[in-house]
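This briefing goes through selected features of one protein chain, topic by topic. Keep the sequence and the 3D view at hand while reading.

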Amino acid sequence: MRLVFAGTPSAAVPTLRRLARDHDIVAVVTRPDAPLGRKRVLTPSPVAQAAVELGIPVITAARLDEEATQRIAALQPELGVIVAYGGLVREPLLSTPDAGWINLHFSLLPQWRGAAPVQRALIAGDAQLGASVFQLVAELDAGDVFASRVVDVPTGATADLALEALAIDGAELTAAVVSGIAAGTARAVPQEGEPTFAPKLSLPDGLLDWSQPVEQVFARFRGVTPEPGAHTTIDGQRLKILEASPATDAELLEPGAISAAKTAVLFGTATAPLAVTRVQPAGKGAMNAADWWRGQRAAEGVRAGS
């Protein structure tokens with residue numbers, strides 16, 4: 001089947017590679033090079049790099065405008081596949097491929113429609129994560145669903161690790177749907193239930209609230225790690241929390257109180273403490289939490305959130 005594939009981050013790469021095994025991908029559409037690292041070096045997206053390795057032509061577009069639509073239409077694709085491209089597909093591009101577009105979305109639709117489904121599901125403490133392949137329509141993530149799959153992730157996994165697991169399972173799910181469309185056997189059904197939404201995260205979403213129970217604090221830590229990053233404030237300065245887990249066997253601390261443990265630094269919550277093992281102070285590199293805390297102990301009454 002002649003496909004055009006649109007995607008940008010690493011989570012889209014497994015699907016691109018999987019589809020390239022069985023189908024003719026006439027072009028890959030991805031967003032422009034982005035500055036990465038401390039030196040802000042312009043770097044092609046993970047999808048662009050994978051496309052080059054696979055020998056697939058790349059169309060770089062910040063948005064799917066008239067020019068991008070014309071370039072895609074000239075290739076006469078039978079189907080469009082989109083995975084986390086980072087932009088909207090509107091008419092006339094939506095109807096340009098013969099079979100339209102399908103979208104791999106990392107949630108069990110209609111749950112968590114939007115840009116950050118995995119992150120929002122983890123923050124909410126959802127017991128299950130999933131992936132869905134649906135027919136793209138003008139309304140946000142509202143099209144009929146071809147297939148869904150529940151995916152188990154490691155206990156305590158942060159958003160990046162959870163997304164890695166979903167991306168691999170989602171690639172196989174998408175490949176099965178594309179094969180079904182090619183064979184004329186795929187059938188999509190309307191979404192059922194009340195939708196929930198997953199807007200893009202911003203820096204304030206990473207602020208940990210020590211007045212909450214440790215389960216909620218840890219859920220937010222998982223959902224915002226690595227981006228936009230879990231953090232608290234110490235004497236008005238942001239402290240990024242890089243590695244943490246609930247300390248269910250430790251003595252209770254007042255919310256925001258800090259105490260040293262054998263291999264971690266404990267932060268008090270409304271219930272058990274959160275054991276923090278790695279941090280990044282403002283303007284500094286990542287370090288062991290115990291080393292950071294030794295440098296703070298000279299200041300009396302240091303508390304998180306102050």
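## Salt bridges and helices in a predicted model

Across the whole structure, a search finds eight salt bridges.

**Salt bridges**

- Arg 2 and Asp 24 form a salt bridge, and their closest N and O atoms are 3.6 Å apart. Because Arg 2 belongs to strand β1 and Asp 24 to strand β2, this pair ties together parts that lie 22 residues apart in sequence.
- Arg 2 has a relative accessible area of 31%, so Arg 2 is partly exposed. Asp 24 is also classed as partly exposed, because its relative accessibility is 39%.
- A salt bridge also joins the side chains of Arg 120 and Asp 205, at 3.7 Å from N to O. This pair links distant parts of the chain, 85 residues apart: Arg 120 is in helix α4, and Asp 205 is in the loop between α5 and α6.
- Are Arg 120 and Asp 205 buried or exposed? Both residues are buried.
- Glu 254 and Arg 303 form a salt bridge in which the closest N and O atoms are 3.9 Å apart.
- Arg 303, with a relative accessible area of 30%, is partly exposed.
- Arg 18, Asp 22 and Glu 172 are linked by salt bridges into a network.

**Helix α3**

- Helix α3 covers residues 66-73, and its residues Ala 68, Thr 69 and Ile 72 are buried. Seen down the axis of α3, the buried residues fall within an arc of 100°, so they line one face of the helix.
- The general rule is that an α-helix has 3.6 residues a turn, so residues three or four places apart point the same way.
- Which residues are exposed on the other side of α3? They are Glu 66, Glu 67 and Gln 70.
- Strands β1 (2-7), β2 (24-30) and β5 (58-60) are what the buried residues of α3 pack against.
- At the start of α3, the backbone nitrogen of Glu 67 has a side-chain oxygen of Asp 65 within 3.3 Å.

**Helix α6**

- How many of the eleven residues of helix α6 (residues 214-224) are buried? Eight are buried, and the helix is mostly covered.
- The buried residues in α6 are Val 214, Val 217, Phe 218, Ala 219, Phe 221, Arg 222, Gly 223 and Val 224.
- The cover over these buried residues includes the helices α4 (117-123) and α5 (159-183). It also includes the strands β10 (230-234), β11 (237-246) and β14 (274-281).

**Nonpolar surface patch**

- Leu 88, Leu 140 and Phe 197 form a nonpolar patch on the surface. Together the three residues have about 300 Å² of accessible area.
- Leu 88 is located in the loop between β6 (79-83) and β7 (101-105). Why does Leu 88 count as exposed? Its relative accessibility is 52%, and exposed means over 50%.

Methods:
Residues are numbered from 1 along each chain as its sequence is written. This is a predicted model: local features need pLDDT of at least 70, side-chain atom pairs count only at pLDDT 80 or more; totals for chains, interfaces and linings use all residues. Side-chain values use heavy atoms; hydrogens and water are left out. Patches are made of residues with over 30% relative accessible area and no salt bridge: like charges are joined within 9 Å, nonpolar side chains (Val, Leu, Ile, Met, Phe, Trp, Tyr) within 5 Å. Accessible areas come from the Shrake-Rupley method with a 1.4 Å probe; for residues, only the protein chains shown count as cover. A salt bridge is a side-chain nitrogen of Lys or Arg within 4 Å of a carboxyl oxygen of Asp or Glu. Helices (H or I, at least four residues) and strands (E, at least two) are DSSP runs, numbered from the N terminus. Buried means under 20% relative accessible area, exposed over 50%, partly exposed in between (1.4 Å probe, protein chains only). The arc is that of the directions from the helix axis to the C-beta atoms. Contact means heavy atoms within 4.5 Å. A polar contact is a pair of N or O atoms within 3.5 Å; within protein, one must be able to donate a hydrogen and the other to accept it, and residues adjacent in sequence count only if both atoms are side-chain atoms.
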